[in-house]
Number of protein chains: 2
Amino acid sequence: MLGVAGMDIEDKAAVACSNGCESTACTHCTQRALAAKQHLFTHGDEQRYIYYVHSGCLRLYKTLGNGRRQVIGFSFAGDFIGFGIGPEFPYNAQSIGRSEVRCLPRGTFHKLALEIPRFAFRLYEATTLELAAAHDLALTIGQRNSTAAVASFLLWLSRRNERRGVAPTTISLPMPRTDIADYLGLTGETVSRTFTRLKVGGLIRVTRKRLVQLTDMPALLELAEGMGGEREAFGYADGLRRIPH
Amino acid sequence: MLGVAGMDIEDKAAVACSNGCESTACTHCTQRALAAKQHLFTHGDEQRYIYYVHSGCLRLYKTLGNGRRQVIGFSFAGDFIGFGIGPEFPYNAQSIGRSEVRCLPRGTFHKLALEIPRFAFRLYEATTLELAAAHDLALTIGQRNSTAAVASFLLWLSRRNERRGVAPTTISLPMPRTDIADYLGLTGETVSRTFTRLKVGGLIRVTRKRLVQLTDMPALLELAEGMGGEREAFGYADGLRRIPH
DNA sequence: CGACAAGTTGATACCGTTCAACCTGCGTGG
DNA sequence: CCACGCAGGTTGAACGGTATCAACTTGTCG
């Protein structure tokens, strides 16, 4: 075995890269600084590079002809963006705040993969983990109500913290509410209302708009599974009282 | 280049397999016949094999603690099931009707990948395409209304036919309405109503319950992008008249 | 400090869900 | 071969969660 089980997707990819970069890829790599809201690439752009996020955070999203937007992921520092084999990117990548990325020429990257089996295998592993994440997202969007969706989103960030040795109860949100909304298939308003319901329910504390404390993990875990209010505590399926008008 | 651009994901995987199977994998492979509704594996089962669907159709799905189900994909004859590196399957695979699968020992499969770079690379390619499909699903569930979702589902099957040289306007549905519903994040009732609306709108013809003719492709394409009824033909966003009570 | 983006809260509408009754058609067994 | 049975599918009526549109507040950055 490779002894990488339990590692983060970005960790795996980083290992994969370090293998390759040492030889060739990173000798050719360029840097790029992105301003807030600037696109790294858009849907249909030629796939020339695979990107490595050095700092900042980007949103990956797709759009419908009518303008509706689905965020399919967030890329944090240490993540790779742009795995895939098609000639064009099938989604958009946009910097949320300011960020810096490294650009690894795709050709070099793939040549390496064809030369070093372990490298290709790690690419496979990394993609496989992204796939699992995408399936989880589908489960969230399709089957969780707004409360369960927001709860599972917060828990996802919590687990991410945990794996990096950061306090799992202190969640910093680099993205605006509308991104969370478009990620979860909701609207900004609904996300906002859900935050305040979790807040008044005592499950979270919102220190600042982009900084959340998880104060009742077990309850959040239950909510995320749609088990909130088994006894329908307040007459609502998720056991949280609606804010009175 | 490898000259596989534009190939189907299952075609790619088949090539990948044929490369490997010829040497070792398939000499160890066993067959398995599944009855209707029988599970190939369930969430949490140890990942011992990678499966190749020889005949029939399976649904892949995940569930929430409260019992709600999200279908994350359908596996048709020629597809592989079970790519991934974790110790356990993160979803369930259940036969829809009767089906037959071949079981390829995971160890052999992965050893091969580490020996033959091109094989590992093809695994990477195949997973990459599955990932793109999962992102499309998220877009559908999160942003398309019931009409757009059903339209894009039919068009997906249509494109699939096209790539296999089958008439793209004749869609056979191996799965029940409830599977389509749980795939699109809807209910069986809503899918059923949407079918009849498309029917009375003249966009499809339902020959038998599981056999659909696409009679107005351009309109379906517009609907799938949420552009249906730009002029709101019937006063509804999707341009299709609701069935009066 | 001042302007504008981001976030919150409110009122209302509506799409999809839910629960229920009723068809339909396919496979099975008498 | 037909009739039965039942899963699958359709249709109906009402409810409700989330979207939508709008006003207002907050806070962040230049």
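Predicted model: local features only at pLDDT ≥ 70, side-chain atom pairs only at ≥ 80, totals over all residues.
Strand 5 of chain B is joined to strand 4 of chain B by 7 bridges, and the two run antiparallel.

Strand 4 of chain B covers residues 57-63 and includes R59(B). Is R59(B) buried or exposed? Its relative accessible area is 7%, under the 20% cut-off, so R59(B) counts as buried. Leaving aside neighbours within four places in sequence, R59(B) is in contact with residues that include R69(B), G73(B) and F74(B). Its other contacts include K37(B), the run N92(B), A93(B), Q94(B), S95(B) and I96(B), and also P176(B) and D179(B).

Chain B also contains an open sheet of 4 strands in the order 1-8-3-6, with antiparallel pairing. Strand 1 (30-34) and strand 6 (80-81) of chain B stand at the edges of this sheet; each has a single partner strand, so one side of each is left without a neighbour in the sheet. For strand 6 of chain B, the pairing with strand 3 (residues 49-55) of chain B is antiparallel and consists of 2 bridges. Within it, Y52(B) has F80(B) of strand 6 as its bridge partner. Strands of a sheet pair through backbone hydrogen bonds, in either a parallel or an antiparallel manner.

The next topic is the interface between the chains. The size of an interface is often given as the accessible area lost when the parts come together. Chain B and chain A bury about 4300 Å² between them, with 70% of it on carbon and sulfur atoms. Of the area that chain B buries against chain A, 18% comes from I85(B), Y124(B) and Q143(B), more than from any other three residues. In terms of contacts, 44 residues of chain B meet 44 residues of chain A.

Specific polar interactions can be listed as well. Across the interface there are 14 residue pairs in polar contact, both residues being at pLDDT 80 or more. Which elements of chain B each supply at least two residues to the side that touches chain A? They are strand 4, strand 5 (69-76), helix 2 (106-115) and helix 3 (117-143). Helix 3 of chain B gives the most, with 20 residues. By class, this side of chain B has 19 nonpolar, 13 polar and 12 charged residues. The count of salt bridges between chain B and chain A is 2. In a salt bridge between D136(B) and K62(A), the side chains meet at 2.6 Å, N to O.

On chain A, E225(A) lies in the segment after helix 7 (217-224). E225(A) is partly exposed, with a relative accessible area of 30%. Not counting residues up to four places away in sequence, E225(A) touches R144(A) as well as L64(B), G65(B) and N66(B). E225(A) and A149(A) are 76 residues apart in sequence, while their C-alpha atoms are 9.1 Å apart in space.

Conventions:
Residues numbered from 1 in each chain as written. Chains lettered and ligands numbered in written order. Heavy atoms only, no water. Buried < 20%, exposed > 50% of the residue type's maximum accessible area, 1.4 Å probe, protein only. Contact = heavy atoms within 4.5 Å. Buried area = accessible area lost by both parts, 1.4 Å probe. Salt bridge = Lys/Arg side-chain N within 4 Å of Asp/Glu carboxyl O. Polar contact = N/O pair within 3.5 Å; in protein donor to acceptor, adjacent residues only side chain to side chain. Nonpolar A, V, L, I, M, F, W, Y, C, P; charged D, E, K, R; others polar. Pairing = 2+ DSSP bridges.
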